[in-house]
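Reader: I would like a close look at one part of this model. Please keep it brisk.

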Amino acid sequence: MESCDAALPYTLIGVLLRPPPRHPGVAACPGKFLRDYASRATNALLWVAFISITSLLFRRLAGLVRLWVLGSRIPGPPSSPFLSHLKVISGCGSLGNLTGYLAELHDKYGPIVRLWLSPTQVLVSVKDTMLIKEMLIKAEDKLPLTGRAFHLAFGRSSLFISSFEKVKKRRESFAEYMNGRLVVTANSIPLKVIECVMGRVDTIMAKGILDCISVSQQLAFNILGCTLFGDAFLDWPKAGIYEELLMKIANDGCFWASYAIPPFWSSGYWKYQYMCKRLKHLTKEIIQHCVEKYDLLSQSGHTSYKENKGIEKDTKFNASVLLDSMTYGGLFQEEMEEYLISRDEPCGNILCLMFHGCLATASLISSILTRLVLHPELQEKLYSEIIAVREKTCKTDSHDVQKINLLMATVYESARLLPAGPLLQRCSLKHDTCLSSGITVPAGAILVVPLQLVQMDNSIWGKDANQFNPCRFLSEATDQGSYEENEGSEKCPFYNEPKRNAAFLPFGYGSRACIGEKFATVGISTLLASLLQNYEIKFQPGLENDPKPIMNDCVLQLLPSPRIIFVKRDK
Ligand code: HEM
């Protein structure tokens, strides 16, 4: 007779195949049976875990081998994944120097270059314009680091994440929203923003120094804040703190996101987390502030917007379309509903837009202002064109601004010479990217476009590629010399659609291109038109001989931030 202690098949197959013993006449032994059952279940679970982990490791290893094999077939400096160039890159010290290093590699190895960063990371840089467009269309995901930085700072959001599949729908609705309603609403904003910022600038100027970067930050911050939150943003007393926090968080974002495990031991990390929390709190506060202001306005004589929905609004009563939508339905209603089912941080997307939009817009405004100070004759020409358009139409709205060819050309030329970031980054997380040149870039590789090299390539832009020459965007003036040479010409050239040039990529291209492009270019041009109409921008007296911005042959040196003054024009 078998006892309860009889040897049992402690193998997965045994557990799965052998039926539980039933022996008539054997006395039931419930304690043993339960113990036996528990140990078999544990055993089965351990086996399942073992098999899953092993297959996962095998899959990972197969992926790595594939990365090494395909990566090694791409032209690049002779090195194996184990002799990575990470040291070389960290030795570069800055992304500007990385661009310089990539320039050398492209000269040596052609339009596609591979660089091992570590055994699990390969960077592929593409410089040929046709291949760039193909790559930007085919590789739809972004680097996880970008998404991590946004997630760490602002919580879960559905914009700026790595997977295209997940961001696609949200991108489409935002793009429609920005390109449609925001551009129309932006018409009334620039003048108000300029009045508000100039009020503060006057105070700063009275104290002494005013630099181009800080005034550009204020302009960008206010124009975006005003567009997203409404006019009430301009008199929000905490706007200054909000701006300061946003810029601090922007500076440190990628650093803290680069840790695979959050550095809980570092006090700096907790300080950063505290700042992010404060910013989220302030965002909720500004929304509250705007809604209250908005309600006050509707009570004092204005018909409620709820009643007015769908009717053209008075521009004075410019409650933000974002708030309208958030409160009363529209684009953000869908978003709000999704908060309930997804785990998105409320306001996560708004914060991400403020973050990216402010930084990129401020950088472009600063670049334009610097060029204007350096080229007073361009300022005067722009002023005459703005006044001419204004006399014809009595106002300068975004529609008219697009007719001021030289202004649009100045914005594009500044964006060409100083893109918001030195590299466009892409990645295809799941699929290999097969390019028409016959090269296959393995899934997971970091794909980059060195923007400065492409946008300042002599073979594409001509021998003056690293010079500031807005005339290159004016079709009649193309190939007719520099801006200075064209100065005084009576021609009225039309501006070239910059997108026709495959090497013009300051807003990216393809499925993950910037959705704020139209808003940024038209918004900034309208802002500049209002600014130049009212002010002359000059170097601070006595500082004219300060070092001027420098360019070297292949890499743009960051423009120094000149100290400037705004001189009111006599009307
Ligand atoms: C001068 C101002 C701006 C510049 C130079 C700029 C530039 C860029 C660039 C280079 C990208 C990456 C494109 C790519 O990888 O192909 C991008 C992405 C993006 N931009 Fe902008 N941007 C500006 C302003 C704005 C503004 C004002 C907004 C909206 C408020 C905005 C919203 C976005 C969004 C949502 C993405 C992410 C797209 C994605 O990951 O799918 N941008 N921008």
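What is the strand order of the open sheet of four strands, and which kind of pairing does it have?

Author: First, the ground rules. This is a predicted model, where local features need pLDDT of at least 70, side-chain atom pairs count only at pLDDT 80 or more, and totals for chains, interfaces and linings use all residues. Residues are numbered from 1 along each chain as its sequence is written.

Now the sheet. The order is β1-β2-β6-β3, and the pairing is mixed. Strands here are DSSP runs of E with at least two residues, helices are runs of H or I with at least four, and both are numbered from the N terminus. Two strands pair if DSSP finds at least two bridges between them. In general, strands of a sheet pair through backbone hydrogen bonds, either parallel or antiparallel.

Start at the edges. β1 (112-118) and β3 (423-427) each have a single partner strand, so one side of each is left without a neighbour in the sheet. From one strand to the next, the twist averages 25 degrees.

Next, the pairings. β1 and β2 (residues 121-126) run antiparallel, joined by six bridges. β2 then meets β6 in the parallel sense, over three bridges. S125 has V448 of β6 as its bridge partner.

β6 is mostly covered. Four of its five residues are buried, where buried means 20 or more other C-beta atoms within 10 Å of the residue's own, exposed means 12 or fewer, and partly exposed lies in between, with C-beta atoms placed from the backbone. For the protein chain, 37% of the 571 residues count as buried.

α5 (residues 129-138) touches β1, β2, β3 and β6 (446-450). Its direction makes about 135 degrees with that of β2. Axes are lines fitted to C-alpha atoms, for helices over the stretch in contact, and angles run from 0 to 180 degrees between N-to-C directions. Contact means that two C-beta atoms, placed from the backbone, lie within 7 Å.

Last, the setting. The protein chain has 22 helices and eight strands. Of its contacts with a separation of 6 or more, 73% join residues 24 or more positions apart.
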